[in-house]
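Here are my notes on the model you asked me to look over. Have it open while you read.

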Amino acid sequence: KRVIFSGIQPTGVPHLGNYLGALSNWVKLQKTADPDDTLLFSIVGWHALTLPQDPAVLRSARDDMLAVLLAIGLDPERSVLFHQDHNLHHVELCWILNCLTPVGKLRRMTTWKSRLATSRNATSEAEVDESLLNSGLFTYPVLQAADVLVYRATHVPVGEDQQQHIELTRDLAEIFNRTFKGQKPLFPLPIYVNAPSKRILSLRDPTSKMSKSSPDTASRILLSDTASQIKSKIRAAVTDSIPGITYDPISRPGTSNLLTILAACTGSNAQDVAGKYISKGHGQLKNDVADAVEELLKGPRSEFERIRHEKAFLDEVARKGASKAIVYSGATMEDVKRRIGLS
Ligand code: TYM
């Protein structure tokens, strides 16, 4: 019996990297799960607070993200869909785990290290230190571990950039189990599950991943983009001037990224796709990628446009989801508190 948990930040409409790296895999897992598997998918509003947020924008972004989850085919009768901030057990367990987390482990998180690096560049002072960053950013992975462990999840479908956080989650589960021994370990060690396309790159700078934080909006395709927006972003994608098409992620990252996207859209693998383009050029490849992405997104896009305005329905889904989630996490928290002496 599996417990599958994953989360996404309320960034409004997700991009193609989120979709191919994680969301599409959630839908696939929902389709293939055994009847007694539990699936939980959460919109993680507390994680979003680690960066500055405009309250009005955040409010509508949370609604939009829930509408997207429904639009891509997650079924609230089968999967528990809920807002993280509707279940206080996450923060309760987060605090307990914080008290078991060595600071050194958090300093080794690549997400933290890249934040530090960015803040150094931003101020262009050599000696800017951690003191400028908020501590939520530092303990972010502990909240993520709590998200997973509070449901005693066994499987976590995420993109590659989240792998290190899942490893930390396993570490913290182990530390807890070792520190508070019972008849059997309280937490299972969750497994990281990734989609075949675990890392989609920026269309403008294929040395970095596609992300919502890049200021260049042409670097990402959103699930709500129209056919013509998709076409113009793919046409403008940075590739290389080597003739012919081959899959070579190291020396041809931009070209390979397009092949990865095409393969993901058509359910094949990038190397096989490349074989069909040996004697073709980037123009042809880009046309086909744009068509395949449009084909993939047009269904979810129109569903999203329909659902996003149904506020009462979205609120009802969120309310029901949270009340189911709280039942699962409540059972864990009782056990946790008993073991640590706080019951
Ligand atoms: P977030 O909101 O940044 O991203 C959501 C999911 O999308 C994946 N992803 C990508 N996959 C492939 N290529 C890309 N360019 C790309 N960009 C994003 C991410 O790996 C992720 O699976 N910390 C998490 C949210 C979270 C969570 C959790 C996840 C909070 N608690 C517990 C799992 C379990 C995050 O910020 O994801």
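1. Ground rules first. This is a predicted model, so local features need pLDDT of at least 70 and side-chain atom pairs count only at pLDDT 80 or more, while totals for chains, interfaces and linings use all residues. Residues are numbered from 1 along each chain as its sequence is written, and side-chain values use heavy atoms, with hydrogens and water left out. Helices (H or I, at least four residues) and strands (E, at least two) are DSSP runs, numbered from the N terminus.

2. Helix α10 covers residues 253–266, and its 14 residues should span 20 Å at 1.5 Å a residue; the end C-alpha atoms are 20 Å apart, which agrees.

3. How many residues of α10 are buried? It is 11 of the 14, so α10 is largely enclosed by the rest of the structure. Buried means under 20% relative accessible area, exposed over 50%, and partly exposed in between (1.4 Å probe, protein chains only). Among the buried ones are Leu258, Leu259, Ile261 and Leu262. What covers the buried residues includes α1 (16–32), α9 (227–235), α11 (270–275) and α12 (282–307), where contact means heavy atoms within 4.5 Å.

4. On to aromatics: rings of Phe, Tyr and Trp (its six-membered ring) pair if their centres lie within 6.5 Å, with planes under 30 degrees apart stacked, over 60 edge-to-face and the rest tilted. By this rule the count comes to 6 aromatic pairs. Phenylalanine 82 and tyrosine 151 make an edge-to-face one, 5.8 Å centre to centre with 70 degrees between the planes. Phenylalanine 82 is in strand β3 (80–83) and tyrosine 151 in the loop between α7 (135–149) and β4 (155–157), so the pair ties together parts 69 residues apart in sequence. Phenylalanine 82 counts as buried at 1% relative accessibility, and tyrosine 151 does at 5%. Phe5, Phe82 and Tyr151 form one aromatic cluster.

5. Lysine 280 has its charged end over the ring of tyrosine 277, 5.1 Å from the centre. The rule here is NZ of Lys or CZ of Arg within 6 Å of the ring centre and within 35 degrees of the ring normal.

6. Finally, α3 (residues 55–71) packs on α13 (residues 311–340) at about 80 degrees, axes 10 Å apart. That makes α3 roughly perpendicular to α13. (Axes are lines fitted to C-alpha atoms, for helices over the stretch in contact, and angles run from 0 to 180 degrees between N-to-C directions; under 35 degrees is roughly parallel, over 145 roughly antiparallel, 65 to 115 roughly perpendicular and the rest oblique.)

Technical notes. Expected span 1.5 Å × (residues − 1).
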